[in-house]
Amino acid sequence: MTAPAPSLFLRTSGDGLHSLNCTVEGMTCGRCAITIESELNRLAGVASARVNATTRRLRVEIDRTVTEPEQVLAAVSALGYGIHPYADDVPSGASREGNLLVPLAVAGFGTMNVMLFSVSVWAGLASDMGPDTRTLLHWASAVVAIPVVAYSASVFYLPAVAALRKGRVTMDAPISLAILATLAASLYETARGAEHAYFDAAVSLTFFLLVGRVLDRMLRKRSSGAAENLRALTRGRAFRLRAGSEPEEVLATELSASDVIHVPAGELIPADAVLMAPGAEIDDSTVTGESMPRTLREGDTLMAGCRNVGPAFRARVTAAGTETRLSSIADITEAAETHRGRHQLLADRFSRGYAPLVIGSALLGFAAWLLVFGASLSQAAMIAVAVLVVTCPCAAGLATPAVAARAANLLLAGGVIVRDGGALERLAEVTDVVLDKTGTLTRPEFVLDPDVDAEMARQASILAATSRHPLCRALSAAYPARPLDGVREFPGLGLEANGGERLGSAVFTGAEGNASPDGLVELWFRAPGGCLARFGFSQSLRPGLRDLVEGLRRRGLRPFILSGDTPNAVAAVACAAGLDTWQGGCSPEDKVARMGAMTGEGRRVAMFGDGLNDAAALACAHVSVAPASATGAAQVAADVILLGNNLDSLLGVIDIARRSRRLIAENLIFAAAYNVVSLPLALAGMLTPFIAAILMSSSSILVMLNAMRLGRLREIRKVSR
């Protein structure tokens, strides 16, 4: 088939790579996703290929100096799958694969009617029905069953035929073979006037397999709705302002950087933007999980998807559509959904050759019953059909993705971004939690200690107004002043005015030996006459710090602080948090060395930090966590990002990670037990095709329902605060 124009897919993804974003048609289970990923990852120039089996979205990172997009698209098409551009303005639920409800309704109608004929035959066999009447009822069943199988069962055999043409055997192949074999056996038995025919089995098999597939799609959609809901927030309307005209209503996807927008009261912010007037009040609970609105100042940044709960305001767009932070969060979540843990990789390797094994087992069972045990042709065929149907490995294929998708989306709805699906698996294994202080356990903004000399503070603020240093900004905020001309800044030391005034460190101002043991971060000011003044600054603790420490201990984890701040400042925070174990004055190398030593002792360390100096420690940790206020380097290194301000939301993430691991183990054990038990029962002739269809559909549904149990955890409510 001809692949669409690659320009419709391609986006720059950084690091010299380009990203192809597509939607794949014809996928029926997790096995299809594995096939596509395996084929693409073998191509030269492909850095990574990830398929989300729920949304059917394919994302491929390629190096265009080695591989062109046409080669990637051709490889997917060669596997027998349709492919088209992923449209961010179209919900992923709007699939081009068609609605299963119509084939399901036709199959249900046919099943009811064929069952009426079958009941009449069964009753006639117990009374005095003649062979001609019985044969007539069989042919009446055939008249109903043949169009049902031709139409409704095409959901299975058309993809199976397409795959076979490309040299692949999917699980649609044994299902299709089972339905067609049942129909063929029924026609053969009817043509020779036999007492029994199996048209009811053919149509009911089709009906219940479709029921299973419809329920499976519904559960998948429910488990992966958060990422799609976030994208939907950027597909609404926007009001663009043009010079000298009234606001023009446009689609949010039509906005571009530098556009000025008008955001009425109660409307969603349609794009990332910068506030152009003070006093805006926004509700960002959808994104961060924070329940209280925030008041913003002029120049503050606005994130797409937040709601204006105050008066109307104007803002200048910085990013729109797929470039917004909200869209990036949704992409990250979808990538996390596709993660396969260590146990799932074993299940994937097993399922690769499973379809041929199923068909071989069915043929072996057919031959054994027909030639060894003396069963009739129709009886042997029904046993083979039961084997083909009951042994579909869909439950094993869904064991990990179902739970990973559910966990990632629940956390996203609660204001937690999981950048890597493996992060939850690793977080469940953690034994120790290393906490940074500044900006992580405390808020990033500094607050001036009120116990200062007001006159000296006003003089110092004239110098402070010329600097962007956080302590100078805090001093200027407390004592606003117009900046003084001619002030020179000495990086790492302080500021000096033409008159000799100095503001900065104790060494720079000549105040050595006067440091206070109160644990506050300090600035010193030296007036022209030589008088010294000290200004202490503190950072307020983030909400939930003590709850976080106590919660970690209750879960058997050992928390402690590693910080680059002064020992006095770290000691004050450790005391407030109820922590006895801490270390101040740590360089980035010290943090990495300490964590390396812990890893060498066999401990699994989680790092929770936000600064540039934490990036190395975050990268070497078993799993890393950063708040939304973290620096870009820290967020890139982090596996999990907390969008809200409550530290104790980390406890909910840990609980979900542990619960996810248990549910994945349960799913895999169930899938293994199901296949171990069902295959011998089918080969022994103890399962009819009808029962086999119910069991096969139920196995996948039970795995999905087990994954949905994450939604009933109490800690979800804590994370979502």
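Student: What average pLDDT does the chain have?
Tutor: This is a predicted model, in which local features need pLDDT of at least 70 and side-chain atom pairs count only at pLDDT 80 or more, while totals for chains, interfaces and linings use all residues. Residues are numbered from 1 along each chain as its sequence is written, and side-chain values use heavy atoms, with hydrogens and water left out. The pLDDT is the predictor's confidence in each residue, from 0 to 100. Of the residues, 80% score at least 70, and the chain average is 78.

Student: How many contacts does the stretch of residues 1-8 have beyond near neighbours in sequence?
Tutor: The pLDDT over residues 1-8 is below 50. Where pLDDT is low, the predicted coordinates should not be read in detail. With contact meaning heavy atoms within 4.5 Å, the number for this stretch in the model is 14.

Student: What percentage of the residues count as buried?
Tutor: Buried means under 20% relative accessible area, exposed over 50%, and partly exposed in between (1.4 Å probe, protein chains only). The chain has 721 residues, and the share that counts as buried is 52%.

Student: Is valine 72 buried or exposed?
Tutor: Valine 72 lies in helix H2 (residues 69-78). Leaving aside neighbours within four places in sequence, its contacts include Leu20, Leu40 and Val60. Because its relative accessibility is 1%, valine 72 counts as buried.

Student: Which residue is the bridge partner of leucine 20 in S4?
Tutor: Two strands pair if DSSP finds at least two bridges between them. Strand S2 (residues 17-25) and S4 pair in the antiparallel sense over 6 bridges. Strand S4 (residues 57-62) is mostly covered, with 5 of its 6 residues buried. The partner of leucine 20 in S4 is valine 60.

Student: Which strands stand at the edges of the open sheet of 7 strands?
Tutor: This sheet has mixed pairing and the order S15-S27-S26-S25-S16-S23-S24. Each edge strand has a single partner strand, so one side of each is left without a neighbour in the sheet. The edge strands are S15 (416-418) and S24 (582-583).

Student: Which residue in S24 stands opposite leucine 562?
Tutor: Strand S23 (residues 558-562) is joined to S24 by 2 bridges, and these strands run parallel. Leucine 562 is also in contact with leucine 435. The residue opposite leucine 562 in S24 is glutamine 583.

Student: Over which ring does the charged end of arginine 502 sit?
Tutor: Strand S19 (residues 494-496) and strand S20 (residues 502-504) pair in the antiparallel sense over 3 bridges, and arginine 502 in S20 stands opposite glutamate 496. A charge sits over a ring if NZ of Lys or CZ of Arg is within 6 Å of the ring centre and within 35 degrees of the ring normal. For arginine 502 the distance from the ring centre is 4.1 Å, and the ring is that of phenylalanine 508.

Student: How is the pair of tryptophan 369 and phenylalanine 373 described?
Tutor: Rings of Phe, Tyr and Trp (its six-membered ring) pair if their centres lie within 6.5 Å; planes under 30 degrees apart count as stacked, over 60 as edge-to-face and the rest as tilted. Tryptophan 369 counts as partly exposed at 23% relative accessibility, whereas phenylalanine 373 is exposed at 56%. Their ring centres are 5.1 Å apart and the planes stand at 50 degrees, so the pair is tilted.

Definitions and conventions:
Helix = DSSP H or I, 4+ residues; strand = E, 2+ residues; numbered from the N terminus.
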